[in-house]
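Dear colleague,

Here is the structure I said I would pass on.

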Amino acid sequence: MADIEYNTNAAFFFDCDGMEIVVEKCTIPAIEMKVAAGSGAIGCGKDGKTQTQATPGAVEYGSALKLEYVAGNEGYQQTITDWYKKCHASSFSGGATESRKQRKTASLFIYDMNGKIGAQYDFIDCFPSNLTQTSQLDVSKPGEMAKDTMEIRFTKMVRADV
């Protein structure tokens, strides 16, 4: 039998330029390579045989990396909220931001059952685009934690060799 260890959906770690964020849920954007001229024949030759050729085209990424984490104003929660605030104007009237200086590089590590890195995704030129805070609090759910969800945009995403 092969010595294979599979990655789990419940063991991962997110690091954003040393800003270690304890994440409960993560949604990874899809990477899709578009194919040019792959849907039909590009010509016809001897004996009426058609020729096709699929040419790699542009790479498209899903819209954003989404992180869901326990809300709070201490430690990593405050660090990621401060990053968001530095990248966005503080009022409806606009104003200067530090968004260009606040771009970061991030990595998402997914572990196998032995606790070794099984997959790694690197995100280049990251910035927080949207921060959604818990919209509903309910006294009938006393054990439920308040959560924030942040969408992080990027200019490039690479699945690294591990």
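The notes below cover the fold, the surface and the cysteines.

This is a predicted model, in which local features need pLDDT of at least 70 and side-chain atom pairs count only at pLDDT 80 or more, while totals for chains, interfaces and linings use all residues. Residues are numbered from 1 along each chain as its sequence is written, and side-chain values use heavy atoms, with hydrogens and water left out.

From the N terminus, the order is β-β-β-β-β-β-β-β-α-β-β-β-β. The radius of gyration of the chain is 22 Å, well over the 15 Å from the globule rule for 162 residues, so the chain is more spread out than a compact globule (C-alpha atoms; the rule is 2.2 Å times the number of residues to the power 0.38). Its C-alpha atoms fill a box of roughly 75 × 55 × 35 Å along the principal axes.

Of the 162 residues, 25% are buried (under 20% relative accessible area; exposed is over 50%, partly exposed in between; 1.4 Å probe, protein chains only).

There are zero disulfides (pairs of cysteine sulfur atoms within 2.5 Å). For cysteine 26, the nearest cysteine sulfur is that of cysteine 126, 11 Å away. Cysteine 26 is partly exposed, at 21% relative accessible area. Cysteine 87 has its nearest cysteine sulfur in cysteine 16, 9.6 Å away, and counts as buried at 8% relative accessibility.

Regards

Methods: Helices (H or I, at least four residues) and strands (E, at least two) are DSSP runs, numbered from the N terminus.
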